[in-house]
Amino acid sequence: QYFTASGFTVSGPFPSVDMMTFPEKKQADLLLTVDFGVVTDQPPASMVRNDDGSIALVSSRGSCTVTGAITFVLWEPLSMQRMWAKSLDVEPSSFDCTIMTRDVVGYNTMVMNGFNHAFEGIFRKTMETAVRYFDPEEVALVKSQARELREKKVY
């Protein structure tokens, strides 16, 4: 929505650049890729079993963390020449992953709920930053540079 509201023509998304056909690449002025270099970490879980093999306790002790970076890259689609790149460091966040339960599904749900909360914050920050990064005037300049590159390149 942001891109079309800012006057950009948009197509896709495509599962990967390799899935784009030559005509789709030729029609595009620029190609945007996003690299999600987000890393999660959690303390190891341990299980205690009853004599009959059923789970008596699933537990972990410590913090779960999320760190990393998200990188936006604009490419000239035919040559795949990198034209522009900007990164956003993911503000490190952590939450308590000290959990004790008798239910493996419940354990996994508690951990994932914590990560989902962190991911929601990352998403909000990423979208706020993307609005700043994709200034229509700057993208128009990159587009004209990509057009010049395409005219000079032999395919």
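Trainee: How do the residues lining the second largest pocket divide into nonpolar, polar and charged?

Mentor: This is a predicted model. In it, that lining has 15 nonpolar residues, two polar and no charged.

Trainee: Which residues are closest to the centre of that pocket?

Mentor: Phe-72, Phe-123, Thr-126, Met-127 and Ala-130, out of 17 lining residues. The elements that give two or more residues to the lining are α1, β1, β4 and α3 (104-133).

Trainee: Which element gives the largest share?

Mentor: Helix α3, with seven residues. The space in this second largest pocket is about 330 Å³.

Trainee: And how much space lies in the largest pocket?

Mentor: About 1000 Å³. The largest pocket is lined by 30 residues, and the closest to its centre are Thr-9, Val-10, Ser-11, Leu-30 and Leu-32. Two or more lining residues come from each of α1 (2-5), α2 (22-27), β1 (31-41) and α4 (136-152).

Trainee: What classes of residue are in that lining?

Mentor: The lining of the largest pocket has 17 nonpolar, 10 polar and three charged residues.

Trainee: Changing topic. How many disulfides does a search of the whole structure find?

Mentor: One. Cys-64 is joined to Cys-97, with an S to S distance of 1.7 Å.

Trainee: Why is the disulfide left-handed?

Mentor: Because the torsion about the S-S bond of Cys-64 and Cys-97 is about -105 degrees.

Trainee: Next, rings. How many aromatic pairs are there?

Mentor: The count is five. One of them is Phe-95 with Phe-115, an edge-to-face pair with 5.2 Å centre to centre and 85 degrees between the planes. The pair links distant parts of the chain, since Phe-95 is in strand β5 and Phe-115 in helix α3, 20 residues apart.

Trainee: Why does the pair of Phe-115 and Phe-119 count as stacked?

Mentor: The planes of Phe-115 and Phe-119 are at 20 degrees and the ring centres 6.1 Å apart, so the pair is stacked. Stacked requires planes under 30 degrees apart. Phe-115 and Phe-119 are four residues apart in helix α3, which means about one helical turn separates them.

Trainee: How accessible are those two?

Mentor: Phe-115 is buried, at 3% relative accessible area. Phe-119 is partly exposed, at 31%.

Trainee: Which residues do ring pairs link into a cluster?

Mentor: Phe-72, Trp-84, Tyr-133 and Phe-134. Phe-72 also came up among the residues closest to the centre of the second largest pocket.

Key:
Residues numbered from 1 in each chain as written. Predicted model: local features only at pLDDT ≥ 70, side-chain atom pairs only at ≥ 80, totals over all residues. Heavy atoms only, no water. Disulfide = S-S within 2.5 Å. 1 Å grid on protein atoms, 1.4 Å probe; cavity = no way out; pocket = protein on both sides within 12 Å on 5 of 7 lines; lining within 4 Å. Points joined across faces, edges and corners; volume = space filled by probe spheres on them. Nonpolar A, V, L, I, M, F, W, Y, C, P; charged D, E, K, R; others polar. Phe/Tyr/Trp six-rings, centres within 6.5 Å; stacked < 30°, edge-to-face > 60°. Buried < 20%, exposed > 50% of the residue type's maximum accessible area, 1.4 Å probe, protein only.
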